Amino acid sequence: MQYRQLGAGGPAVSALGLGCMGMSEFYGQGDETESIATIHRALDLGVNLLDTADMYGVGRNEELVGRAIAGRRDQVFLATKFGNMRGPNGEFLGVNGHPDYVRRSCEASLKRLGVDVIDLYYQHRVDPNVPIEDTVGAMADLVRAGKVRYLGLSEAAPATIRRAHAVHPIAALQTEYSLWSRDPEGEVLDTVRELGIAFVAYSPLGRGFLTAQIRSLDDLPPDDWRRRSPRFQPDAFARNLRLAETVRQMAEAKHCTPAQFALAWLLAQGDDVIAIPGTKRRRYLEENVGALRVRLTTADLIRIHQAVPPGAATGARYPEAGMQAVNR
């Protein structure tokens, strides 16, 4: 395993973390036994950054992660998030950044995870109705109380990042980034680098599209949320298949899988970039970790940029409501 620093003066975390969301929701039926085995295998391989959120499975994902790390807490750098509210039946109720909600959410996450402290606590989405100074101020209180170690933001705009960082050091920004989602390049990455904030890339495999395993919508479970994603709609899907095929061909030339190639490209974007590919199966976890053995030259990176330039993917990252909640 390779390790990278989480922000200026922060701890070392694995360059590849493990996104746990799909173990409980969004990507078809989960298997708790296999999911816990996957988390244990990740720890065995030196993956110490585990990523979850209170909204995943309406709390069930935090509970699953908590069961998996029981007895192995010292091997884990645990990240979770608050801010996206859901009702008891899973309905989305909006974003909440009010200080009292921050405190209640933290207490609930600590209980579900079965831990005394959260290593990295993210605001999952920025609440446009609450000044970021108020939200981060409440998060900073959690640090002073010993309930949280480091603070993070997710899908925040550069101006918001600066305002938040002025209240309390932000250790990490988590935002979607991959060969088919290169939006952070430019002002977002420039901002976090100026401020000494690590960049944590979620969906680094393009929600599975860059693995070349998805050839049609029939490859997705009936309840898979990607069926509603703009990039998976028929016209966009057909165009994006060509992008995935380009990645597959380049990976073949480097004697690695498309997933390993996509992750190697992402990690080559800077020593401050950390990827958290999600999986609920050990075999894909082990494949992903194999990306650390892939070496891309400067010439390789130039060819990749030419073959898959920014904006190459067809369709928005989220449906309209989801897009309104990012980069704000």
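**Reading the pockets, sheet and helix packing**

Tutor: The largest share of the lining of the second largest pocket comes from H3, which gives five residues. Keep in mind that this is a predicted model.

Student: Which elements each supply at least two residues of that lining?

Tutor: Strand S6 (84–86) and H3 do. The lining includes Asn 84, Met 85 and Arg 86. Also among the lining residues are Tyr 101, Arg 104, Ser 105, Ala 108 and Arg 112. Asp 54, Met 55, Val 58 and Gly 59 line the pocket too.

Student: How much space lies in the second largest pocket, and how do its lining residues divide by class?

Tutor: The space is about 190 Å³. The lining has five nonpolar, three polar and four charged residues.

Student: Now the helices. At what angle do H2 and H3 pack?

Tutor: Read the angle together with the distance between axes. Helix H2 (residues 60–69) meets helix H3 (residues 99–113) at about 45°, and their axes are 7 Å apart.

Student: Why is H2 called oblique to H3?

Tutor: Because angles under 35 degrees count as roughly parallel and 65 to 115 as roughly perpendicular, with the rest between them oblique. The angle of about 45° therefore makes H2 oblique to H3.

Student: Which residues make the contact?

Tutor: From H2, Glu 62, Glu 63, Val 65 and Gly 66. From H3, Ser 109, Arg 112 and Leu 113. By class, that is two nonpolar, two polar and three charged residues.

Student: How many bridges join S3 to S4?

Tutor: Two, and the strands run parallel. S4 covers residues 49–51. Gly 19 has Asp 51 as its bridge partner in S4.

Student: Last, cavities. How many of 30 Å³ or more does the structure hold?

Tutor: One. About 40 Å³ of space lies in the largest cavity. Leu 16, Gly 17 and Leu 18 are among its lining residues. Helix H9 (residues 282–289) gives the largest share, three residues.

Student: How do the residues of the largest cavity's lining divide by class?

Tutor: Six are nonpolar, three polar and none charged.

Terms used. Residues numbered from 1 in each chain as written. Predicted model: local features only at pLDDT ≥ 70, side-chain atom pairs only at ≥ 80, totals over all residues. Heavy atoms only, no water. Pairing = 2+ DSSP bridges. Helix = DSSP H or I, 4+ residues; strand = E, 2+ residues; numbered from the N terminus. Axes fitted to C-alpha atoms, helices over the stretch in contact; angles between N-to-C directions. Parallel < 35°, antiparallel > 145°, perpendicular 65-115°, else oblique. Contact = heavy atoms within 4.5 Å. Nonpolar A, V, L, I, M, F, W, Y, C, P; charged D, E, K, R; others polar. 1 Å grid on protein atoms, 1.4 Å probe; cavity = no way out; pocket = protein on both sides within 12 Å on 5 of 7 lines; lining within 4 Å. Points joined across faces, edges and corners; volume = space filled by probe spheres on them.
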